[in-house]
Amino acid sequence: MLPGGQSGHAYEVRFKVAYPTSELTRQGSSNTSDISMAGDADSVYPDWDISSIGLDRDVAGASKNGSAAFEQVPIPEAMVYPNFEQFPDAKQLDRIKQAYRESFELARSAYHSLDGTTAYDRYLGGTDSRFNLYVFLGMFESQVSNPNQLFKKMVIWYGAPPDAQDDCKGRPWMLGYLLQKPDFPDEYVHLIVCTRTMQLPLISEMSCDHLSDHIDKSFETIAATLLHEYVHWSALMKRALETKNPPQRKIHDFEAPPGSDPENGYGAYNAMRIKEKHDPTDNADNYAWFALEAFWTRKCVPKEPWGPPRKGEPSCDIEGKEDLAEDCHAG
Ligand SMILES: [Zn+2]
């Protein structure tokens with residue numbers, strides 16, 4: 001429960017924020033040969049195709065691909081970048097760009113862990129495997145094989161855009177949220193990261209040694225906030241959403257009345273409970289926590305699977321910020 005008795009589900013308010021099309025389209029469209037980093041004409045990256053990153057698996061989801069060693073799936077260097085706005089200094093800008101690259105490494109680990117893994121069973125197992133495959137495949141196709149290069153239509157902001165409602169303000173537990181026009185086409189989005197997200201570590205700042213023996217806040221990283229928000233991006237999830245009959249409009253965050261178990265879909269424990277009791281494919285954090293656990297499992301090769309997340313343990317507690325008792329939410 002949030003202070004003031006609010007339910008605090010930020011995605012409800014984001015649809016009330018209207019953006020002029022000119023604001024959202026200023027990055028323009030691009031052709032497939034233009035793979036320079038948005039906003040940085042000097043950064044040109046080599047070509048990158050889908051076969052080079054190990055995504056040439058059976059898209060029906062029938063093949064089990066647990067064989068690729070972690071070292072064979074490095075962070076890609078050639079990618080389409082969004083624009084980044086309002087990051088206060090070069091260090092924070094470097095960190096969010098690194099987190100952006102790492103978000104695809106999370107997604108790739110998830111992609112390779114879709115069948116028969118502890119992580120998949122914990123958050124998504126037994127649900128629509130084709131839908132889940134397309135959730136992660138959509139992230140890569142937007143980078144690699146889709147000529148619309150969707151991520152060029154995203155702007156990642158540190159804090160709210162000047163003319164938008166600030167959902168971070170007064171909500172120290174907020175990790176971030178997505179601003180999306182309510183009407184189709186909805187390719188253009190603003191992804192807002194709150195201060196709390198930037199207090200989390202990058203994967204590159206973490207090590208296997210500091211991970212707990214069970215799933216908890218020690219697994220959390222900036223890139224997971226980004227991945228959570230990608231899941232809400234209907235244009236990016238188009239292929240997954242279209243597999244539903246009738247097609248699903250978007251992937252939401254789970255909500256339930258106060259006193260329910262769980263009350264919301266945020267954090268590893270709640271995600272696990274939603275998989276047990278509800279539809280985990282309509283809760284963004286189920287994908288984020290599946291990707292986190294899949295990534296760390298592949299990277300750290302634990303002798304035993306990580307223990308399950310524990311009730312009452314925050315999934316996003318910041319070191320030295322014990323006053324922030326609320327667990328983190330991502331709109
Ligand atoms: Zn969300």
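Student: Where is Pro262 found, and how do you know that it lies in a loop?

Tutor: Pro262 is found in the loop between helix 8 and helix 9, where helices (H or I, at least four residues) and strands (E, at least two) are DSSP runs numbered from the N terminus. The model is a predicted one, in which local features need pLDDT of at least 70 and side-chain atom pairs count only at pLDDT 80 or more, whereas totals for chains, interfaces and linings use all residues. Residues are numbered from 1 along each chain as its sequence is written.

Student: What is omega for the peptide bond that joins Asp261 and Pro262?

Tutor: Omega is about -5°, and the bond between Asp261 and Pro262 is cis. The peptide bond from Asn245 to Pro246 is also cis, with omega near 0°.

Student: Why does Gln86 count as partly exposed?

Tutor: Gln86 has 16 C-beta neighbours inside 10 Å. A residue is buried if 20 or more other C-beta atoms lie within 10 Å of its own, exposed if 12 or fewer, and partly exposed in between, with C-beta atoms placed from the backbone; Gln86 therefore counts as partly exposed. Gln86 is found in the loop between strand 1 and helix 3, and its phi is near 70°, a positive value in a residue other than glycine.

Student: Is Val301 exposed or buried, and what makes it so?

Tutor: Val301 has 10 C-beta neighbours inside 10 Å and so counts as exposed. Val301 sits in the loop between helix 10 and strand 5, with a positive phi of about 45° although it is not a glycine.

Student: Why is strand 3 called largely enclosed?

Tutor: In strand 3 (residues 174-180), 7 of the 7 residues are buried, so this strand is largely enclosed by the rest of the structure. Strand 4 is mostly covered, with 5 of its 5 residues buried; Val189, Leu191 and Val193 point one way from strand 4, while His190 and Ile192 point the other way.

Student: How do you know that strand 3 is joined to strand 4, and in which sense do they run?

Tutor: Two strands pair if DSSP finds at least two bridges between them, and 5 bridges join strand 3 to strand 4 (residues 189-193), which run antiparallel. Leu179, for instance, stands opposite His190 in strand 4. Strand 3 is also joined by 2 bridges to strand 5 (residues 329-330), with the two running parallel, and here Gly176 stands opposite Ala330.

Student: What makes the pairing of the open sheet mixed, and in which order do the strands come?

Tutor: The order of the 5 strands is 1-2-4-3-5, and the pairing is mixed: strand 3 and strand 4 run antiparallel, whereas strand 2 (residues 154-158) and strand 4 pair in the parallel sense over 5 bridges. The edge strands are strand 1 (83-85) and strand 5, each of which pairs on one side only.

Student: What makes up the largest nonpolar core, and how many residues has it?

Tutor: A nonpolar core is a set of buried Ala, Val, Leu, Ile, Met, Phe, Trp, Tyr and Cys residues joined through C-beta atoms within 7 Å, and the largest such set has 82 residues, with Leu106, Phe290 and Leu292 among those with the most contacts inside it. Helix 10 (residues 284-300) gives this core its largest share, 10 residues.
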